[in-house]
Amino acid sequence: VAQGVLLKLVGTVDIVDQGKHFLWEARNRLQKLNPGAVYTQVAVQDYQPPSEATYDLVCLQFTVLYLTDDDLVEVLRGLLPALRPPDGLIFLKDSFPADNTRFLINRDSGHNIVRTLPHYEWIFAEAGLRVVARQQQDQWLAEANPVM
C-alpha cells in the first residue's frame, strides 16, 4: 500500500507496525522511494506521533479490528493533533459484516472485531472525527466480509 498507493499521494510515508519483519521488509522495499521516512516498531494502540509530526494522511489498514473500542477511540484521538490543518485525513480500511445490524467476533483468525458501519460512526464521533467519504471496495473475495 505504501509503495503502490500512498507514495503517489504524499511525499513521505512513515510506517508503524508491531512486526519487526514487516518493518524490515518495508524499509528494504521503500528506502530509495521513501527517503526520510520513519519506521516505528510499536503496537498501534501504543503509538504516539512525534510532537513535531504533521501528516496530510494517516492510513489505518486492517489494523483497528484488533483493537477494543476504547483503544480505537484513543488511537484516533491521539492522531488528531498530528493531522495537518485544515485538511489532514485519517483513512481507515477494514472489513465490516455483510449483515450490518450485528458486529462479529472472528475467533478463527486472531480474535478480531468486525464492526458495523453505525458502530464505526459512533467511534468516530467519540474520537471527535467526522466522516467525509466512504466507499465499499468493489473487487474482493466473495466468501469474505465486505471491505470499506
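Modeller: Helices (H or I, at least four residues) and strands (E, at least two) are DSSP runs, numbered from the N terminus. On that basis, Arg 115 is found in the loop between β6 (112–114) and α4, and this loop and helix are the part examined here. The model is a predicted one, in which local features need pLDDT of at least 70, side-chain atom pairs count only at pLDDT 80 or more, and totals for chains, interfaces and linings use all residues. Residues are numbered from 1 along each chain as its sequence is written, and side-chain values use heavy atoms, with hydrogens and water left out.

Arg 115 has a relative accessibility of 1% and counts as buried; buried means under 20% relative accessible area, exposed over 50%, and partly exposed in between (1.4 Å probe, protein chains only). Two polar partners are found for its side chain. A polar atom of the Arg 115 side chain lies 2.5 Å from the backbone oxygen of Leu 67, and a polar contact of 2.9 Å joins the side chains of Arg 115 and Asp 69. A polar contact is a pair of N or O atoms within 3.5 Å; within protein, one must be able to donate a hydrogen and the other to accept it, and residues adjacent in sequence count only if both atoms are side-chain atoms.

Leaving aside neighbours within four places in sequence, Arg 115 is in contact with residues including Val 64, Leu 72, Phe 96, Phe 103, Tyr 120 and Ile 123.

Tyr 120 and Ile 123 belong to helix α4 (residues 117–126), where they are buried together with Leu 117 and Phe 124. Seen down the axis of α4, the buried residues fall within an arc of 115°, so they line one face of the helix; the arc is that of the directions from the helix axis to the C-beta atoms. These buried residues pack against α3 (69–79) and β4 (89–93).

The side chains of Arg 134 and Glu 121 meet in a salt bridge (2.5 Å, N to O). Arg 134 lies in the segment after α4, so the pair ties together parts that are 13 residues apart in sequence. A salt bridge is a side-chain nitrogen of Lys or Arg within 4 Å of a carboxyl oxygen of Asp or Glu, and the structure holds 5 of them. Just after α4, Gly 128 takes a positive phi of about 85°.

Terms used: Contact = heavy atoms within 4.5 Å.
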